[in-house]
Amino acid sequence: MSKLLNISEFIAFFVGASANLTANKEQINALNVFPVPDGDTGTNMGLTMSSAVKELSEQTDIPKAAERLAHGALLGARGNSGVILSQILRGFAQGLDGCQQVGAVDFARAMQKGVELAYKSVMRPVEGTILTVARKMAEASGEAVAVNAEMDLENLLELMLAQGHQALANTPNQLPVLKQAGVVDSGASGLVAIFEGGLRALRGEEFELPLQVETKADFTKQQATGTQNLVNHYCTEFFIHGQGIDVEAYRRHLQGMGESQVIVGNATVVKTHIHTADPGAVLSYALQFGSLHDLKIDNMKDQHRETLLDEVEKEQAQTAQPELKAEPEAVTEASAADLAGVMDNAAEAMAEVFEELGPVELPLCGAVAVSSGSGLDQIFTEMGVNTLVSGGQSMNPSAEDILQAINNTTAQQVVVLPNNSNIVMAANQASQLADKPVVVVPSKFITQGIAAMMNFDPESSAEENAETMQQAAVLVHSGQITYAVRDSQFDGQEIHEGDILGLLEGTIAVVEASVQETMLKLLPQMFDDDTSLITLLYGEGVTEDEAEAAAAELAESFPDYEIEVQLGGQAVYHYLLAVE
């Protein structure tokens with residue numbers, strides 16, 4: 001290893017760091033404090049690092065390479081540990097400004113700058129985490145070069161790594177929750193893996209360049225459209241502002257004009273969502289009740305034309321005989337022509353609608369929400385969310401995914417609901433990169449996000465919406481029913497693999513053998529003097545009949561409360577519970 005890193009060695013360090021982190025991600029995931037199926041720190045940090053290094057092979061200059069490294073991490077950051085890692089790399093890049101080669105003094109200075117920015121990125125830094133281990137490593141590097149500015153970089157990295165291992169081993173003494181679970185901090189473990197991989201690469205161990213990066217998933221999606229029906233293919237949404245609106249009469253009339261109707265409101269404001277073949281007729285009827293606002297019409301055939309063509313081609317490929325090779329091509333061309341004709345007619349219909357209504361202004365505020373199941377997607381869509389981001393436990397979206405959703409939202413300003421405590425930091429990072437005003441409502445649970453959306457108003461600013469939405473979110477008591485993935489002990493409770501766990505605001509509160517027993521013991525801990533409604537959102541492994549039976553049993557045990565059952569479709573959790 002040379003005393004000064006050139007661009008090739010600089011790149012090798014971070015490619016090796018990323019490769020080693022990815023190789024150890026499952027062991028890092030297993031360090032999750034709670035024995036629940038949502039440990040994803042290693043995955044999040046691995047994907048963040050993969051995003052950071054994907055453009056390094058094209059760089060010929062260390063400051064530019066460091067800048068691209070930081071930019072890739074910034075956009076690819078997932079989960080709290082991923083965001084903190086991105087800030088370490090951002091500061092690291094700033095510390096290398098102007099360096100064409102990197103020596104021990106340069107590396108130490110860059111690491112210290114990285115730690116400085118990482119601490120600033122966290123509102124309430126907690127010791128015994130990745131922050132502590134990064135700080136200890138930076139302090140060790142600073143002290144070492146202060147004594148010997150000419151030391152070899154390899155010696156510096158060995159010293160930093162030794163300090164990192166020592167600080168990592170000490171994390172359970174700083175965080176009691178780690179000691180109870182018998183693990184070290186997962187994010188800190190990921191940081192140590194990064195330095196181990198970097199040092200291995202500099203010592204000559206080969207890593208592929210460019211590193212194989214997993215194909216990026218499309219985490220963003222526009223609201224649910226029910227595309228199976230190609231007759232009522234215009235998803236039409238708007239608000240009516242008027243006086244003395246008969247909502248029930250309006251709702252009854254629209255039943256014959258389309259499907260998937262969601263009509264809510266009162267005598268002065270009514271929100272309409274409908275899938276219809278004739279949006280002009282719907283809008284003309286609605287104008288009888290008042291003025292129309294926040295109009296949005298999506299052609300669902302247009303959105304899914306490519307998918308339909310792909311399916312036609314796939315079916316033909318499976319059924320065609322070799323001697324009839326020309327026939328599938330003719331069918332494909334005809335199908336494409338038919339769809340093109342449909343699209344032309346749809347475009348004309350849309351033009352007529354907009355000509356009648358005149359120019360449509362963008363709504364003042366739109367909403368982006370992270371969602372984790374088909375039922376939850378529908379709930380958020382019907383409540384007015386403009387753009388959904390797929391994510392949640394074990395699948396945290398990146399800052400770039402959330403930024404893309406913000407940019408896809410046709411509104412002047414945007415509020416973002418992360419709906420998971422491990423996504424809040426990535427959402428904040430995305431908001432800072434957006435080119436329009438964005439405010440993050442720091443919802444930690446899906447149930448908080450649903451409560452918040454009940455107070456969303458597209459005619460209010462993002463700041464005003466965030467204030468009222470946050471007030472509503474914190475009034476909801478949130479619970480989750482899941483299962484243990486390993487034997488463990490928490491807060492004096494023995495936990496065995498397969499036990500059913502009841503989480504109250506994210507913390508294990510009940511351990512039982514069955515889902516129903518767990519709910520019966522968890523719910524009373526969620527009640528207060530104002531409780532009147534219990535909502536059960538059942539997950540992908542629970543049938544509707546099972547959920548209704550569970551609700552019926554709860555009704556017998558808690559007769560003073562109204563119980564509502566809805567499909568959530570979420571993974572990991574049998575039920576999400578909300579008490580209001």
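Predicted model: local features only at pLDDT ≥ 70, side-chain atom pairs only at ≥ 80, totals over all residues.
The phi angle of Asn-419 is near 60°, which is a positive value in a residue other than glycine.

## The chain as a whole

The secondary structure of the protein chain comes to 22 helices and 17 strands, and buried residues make up 53% of its 580 residues.

## Nonpolar cores

Which residues have the most contacts inside the largest nonpolar core? They are Phe-14, Phe-107 and Phe-195, and the core to which they belong has 84 residues. Leaving out residues up to four places away in sequence, Phe-195 touches Phe-13, Phe-107, Met-111, Met-137, Leu-157, Met-160 and Leu-161.

A second, separate core has 25 residues, including Val-385, Ala-452, Ala-466 and Ala-473. Of these, Ala-452 is also one of the buried residues of helix α19, a helix that is taken up again below.

## The cavity

A search of the whole structure finds 1 cavity of 30 Å³ or more, and the largest cavity has a volume of about 90 Å³. The residues that line the largest cavity are Phe-13, Phe-14, Met-49, Leu-85, Ile-88, Leu-89, Phe-92, Phe-107, Met-111, Leu-191, Ile-194 and Phe-195, so that Phe-14, Phe-107 and Phe-195, already named for their contacts inside the largest nonpolar core, are found in this lining as well.

How many residues of the lining are nonpolar, polar or charged? The lining divides into 12 nonpolar residues, with no polar and no charged ones. At least two lining residues come from each of the helices α1 (7-23), α5 (79-95), α6 (104-121) and α10 (186-202), and α5 gives the most, with 4 residues.

## Val-83 in helix α5

Helix α5, which contributes to the lining of the cavity, is also the place of Val-83. Val-83 is buried, with a relative accessible area of 2%, and, not counting residues up to four places away in sequence, it touches Ala-77, Arg-78, Met-425, Ala-426 and Gln-429. The C-alpha atoms of Val-83 and Ala-399 are separated by 8.4 Å, although the two residues are 316 residues apart along the chain.

## An enclosed helix

Is helix α19, which covers residues 446-453, largely enclosed or largely open? Because 8 of its 8 residues are buried, helix α19 is largely enclosed by the rest of the structure. Its buried residues are Ile-446, Thr-447, Gln-448, Gly-449, Ile-450, Ala-451, Ala-452 and Met-453.

## Two residues with polar contacts

Thr-409 is found in the loop between α17 (399-408) and β8 (413-417), and at 2% relative accessibility it counts as buried. The side chain of Thr-409 makes a polar contact with the side chain of Thr-387 at 2.9 Å. Once its neighbours within four places in sequence are left aside, Thr-409 is in contact with Gly-366, Ala-367, Val-368, Asn-386, Thr-387, Val-414 and Lys-436.

Gln-566, by contrast, is partly exposed, with a relative accessible area of 26%, and its place is in strand β16, which covers residues 562-567. The side chain of Gln-566 makes a polar contact with the side chain of Glu-564 at 2.6 Å. Not counting residues up to four places away in sequence, Gln-566 touches Ile-379, Thr-535, Leu-536, Leu-537 and Tyr-538, while the C-alpha atoms of Gln-566 and Glu-544, 22 residues apart along the chain, are separated by 8.6 Å.

Terms used
Residues numbered from 1 in each chain as written. Heavy atoms only, no water. Core = buried A, V, L, I, M, F, W, Y, C linked by side-chain atoms within 4.5 Å. Buried < 20%, exposed > 50% of the residue type's maximum accessible area, 1.4 Å probe, protein only. Contact = heavy atoms within 4.5 Å. 1 Å grid on protein atoms, 1.4 Å probe; cavity = no way out; pocket = protein on both sides within 12 Å on 5 of 7 lines; lining within 4 Å. Points joined across faces, edges and corners; volume = space filled by probe spheres on them. Nonpolar A, V, L, I, M, F, W, Y, C, P; charged D, E, K, R; others polar. Polar contact = N/O pair within 3.5 Å; in protein donor to acceptor, adjacent residues only side chain to side chain.
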